[in-house]
Amino acid sequence: MNTSATEDEIPADALTKFRDADRSKRLILEVAGEEFAEHGLGGARMARIAERANLDKKLIFYYFDNKERLYTEVLADAYAKIRSAESKLHLTELDPAEAVCRLAEFTWNYYVENPEFITFLNSENLHRARHVQTLPNIQNLNSPLVSMLRSILKRGEDEGTFKQGIDPVQLYISIAALSYFYLSNNYTLSAIFGRNLLSDDARKERLEHIKQIVLSYVTLPSPEVA
């Protein structure tokens with residue numbers, strides 16, 4: 001006999017509590033993400049998170065135990081969001097060259113539109129990945145991306161347009177680095193070179209530069225015309 005309960009079988013008051021708890025946790029993660037992005041792990045305050053979320057601070061401790069646990073959950077949520085967004089690109093349905101360019105474009109735009117993700121990366125690297133290492137599914141979370149990129153590279157190889165033996169992990173790190181370094185260091189770079197590197201024109205130029213670099217790395221040179 002099937003003993004699993006459906007929503008129709010769960011008492012209304014229990015279902016309401018479950019949904020309220022889920023909404024509260026989601027709200028806490030969103031507000032905590034803003035707090036950690038602004039102040040870092042050391043400067044973030046649970047009382048401020050509770051005030052910004054309009055929740056009792058005790059409720060935050062009830063769900064997340066302590067500030068470090070909450071920070072770890074925020075990191076997990078941040079990684080899950082970018083991986084989820086990448087999966088919606090349907091890159092395996094595109095021409096290999098187009099797929100690689102689309103991934104580079106997505107990565108750039110995601111970092112631009114979600115600067116808190118860069119802040120989390122900076123902070124966690126300062127902590128030597130102390131919190132990311134505790135995430136039980138972090139490698140599994142990234143495996144689909146690597147597999148997807150590997151299949152794209154293999155198709156390019158089979159079609160005779162991509163170089164052979166490209167490591168998908170190395171390629172993804174390079175794609176991320178081309179966006180990450182530029183954006184995380186834009187203030188110093190802008191000051192050093194006397195340019196506004198976040199102007200609309202500069203950002204468009206940078207994205208085209210990234211795509212050209214990535215594409216030139218993966219594609220075989222065109223045969224010279226005799």
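**Labels and their cut-offs**

Author: Helix 5 (residues 96–113) packs against helix 7 (residues 138–159) at an angle of about 145°, and their axes lie 9 Å apart. Axes are lines fitted to C-alpha atoms, for helices over the stretch in contact, and angles run from 0 to 180 degrees between N-to-C directions. Helix 5 contributes Pro96, Ala99, Val100 and Leu103 to the contact, and helix 7 contributes Leu149, Ile152, Arg155, Gly156 and Glu159; contact means heavy atoms within 4.5 Å. This is a predicted model: local features need pLDDT of at least 70, side-chain atom pairs count only at pLDDT 80 or more, and totals for chains, interfaces and linings use all residues. Residues are numbered from 1 along each chain as its sequence is written, and side-chain values use heavy atoms, with hydrogens and water left out.

Reader: Why is Phe162 called buried?

Author: Buried means under 20% relative accessible area (exposed is over 50%, partly exposed in between; 1.4 Å probe, protein chains only). Phe162 has 1% relative accessibility, so Phe162 counts as buried.

Reader: Where is Phe162 placed, and which residues is Phe162 in contact with, leaving aside neighbours within four places in sequence?

Author: Phe162 is in the loop between helix 7 and helix 8 (168–184). Its contacts beyond those neighbours include Pro96, Val100, Ile152, Gly156 and Val218.

Definitions and conventions:
Helices (H or I, at least four residues) and strands (E, at least two) are DSSP runs, numbered from the N terminus.
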